[in-house]
Amino acid sequence: MQIKDVMSDKPVTISPDENLAIAARLLSRYNIGALPVCGKDGKLKGLVTDRDIVLRCVAAEEDPNSVRVGEIMTRRVVCVNADDSLDTASELMSQRQIRRLPVQNNGKLVGMVSIGDLAKAPEYSAQAGATLHEITNNIKKF
């Protein structure tokens, strides 16, 4: 089974020029934890998470209405291709301790895949659980 078979294929994105208040509202409205940051060309520039907003803006006592997404986003984003296997996604999530991955095709963002998406595939639900267990256990060590 390939990532394109389980991914969310209509990802909510944001521009690096938008402010963090807008990013927070999008995260809340769509009940998601991460927003891919894309340029006008549709290419992935970074990723901003709810945690990024809290730690890099709110905790730093910055104004979310004046801080731009591009100022705090994670620039080195681990991605997968739509044609990659679910094993590839699971392995990357486990190794990098992340719960969601942007999905690209020919350099453009085409979706997002999460541990929850992997768990929906019957033959991968146990592996998704093991991946989540590894991530959770490694977080506790820090």
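**Reading the model**

Author: D83 is partly exposed, at 44% relative accessibility; buried means under 20% relative accessible area, exposed over 50%, and partly exposed in between, with a 1.4 Å probe and protein chains only. This is a predicted model, in which local features need pLDDT of at least 70 and side-chain atom pairs count only at pLDDT 80 or more, while totals for chains, interfaces and linings use all residues. Residues are numbered from 1 along each chain as its sequence is written, and side-chain values use heavy atoms, with hydrogens and water left out.

Reader: How many salt bridges does the structure hold?

Author: A salt bridge is a side-chain nitrogen of Lys or Arg within 4 Å of a carboxyl oxygen of Asp or Glu. The structure holds three. In one of them D83 is joined to K4, with 2.9 Å between the closest N and O atoms. This pair links distant parts of the chain, 79 residues apart: D83 is in the loop between β3 (80-81) and α4 (86-96), and K4 is in the segment before α1 (20-29). Helices (H or I, at least four residues) and strands (E, at least two) are DSSP runs, numbered from the N terminus. Like D83, K4 counts as partly exposed, with a relative accessibility of 42%.

Reader: Which side chains meet in a salt bridge at 3.6 Å, N to O?

Author: Those of D52 and R56 do. The two residues are four apart in helix α2 (residues 50-58), and therefore about one helical turn separates them. D52 is buried, at 9% relative accessible area, whereas R56 is partly exposed, at 40%.

Reader: What is the setting of the salt bridge between K120 and D117?

Author: Its closest N and O atoms are 3.8 Å apart. Both residues lie in helix α5 (residues 115-120), three residues apart, which is about one turn of the helix. K120 is exposed, with a relative accessible area of 67%, while D117 is buried, at 7%.

Reader: How many disulfides does a search of the whole structure find?

Author: A disulfide is a pair of cysteine sulfur atoms within 2.5 Å. The search finds zero. For C79, the nearest cysteine sulfur belongs to C38 and is 9.6 Å away. C79 is partly exposed, at 24% relative accessibility, and C57 is buried, at 0%.

Reader: Which residues touch the most other members of the largest nonpolar core?

Author: In soluble globular proteins, nonpolar side chains tend to be buried together. A nonpolar core is a set of buried Ala, Val, Leu, Ile, Met, Phe, Trp, Tyr and Cys residues joined through side-chain atoms within 4.5 Å. The largest core here has 16 residues, of which I3, V80, L101, V103 and V113 touch the most other members. The elements α4, β4 and α5 each give two or more residues to this core. Its largest share, four residues, comes from α4.
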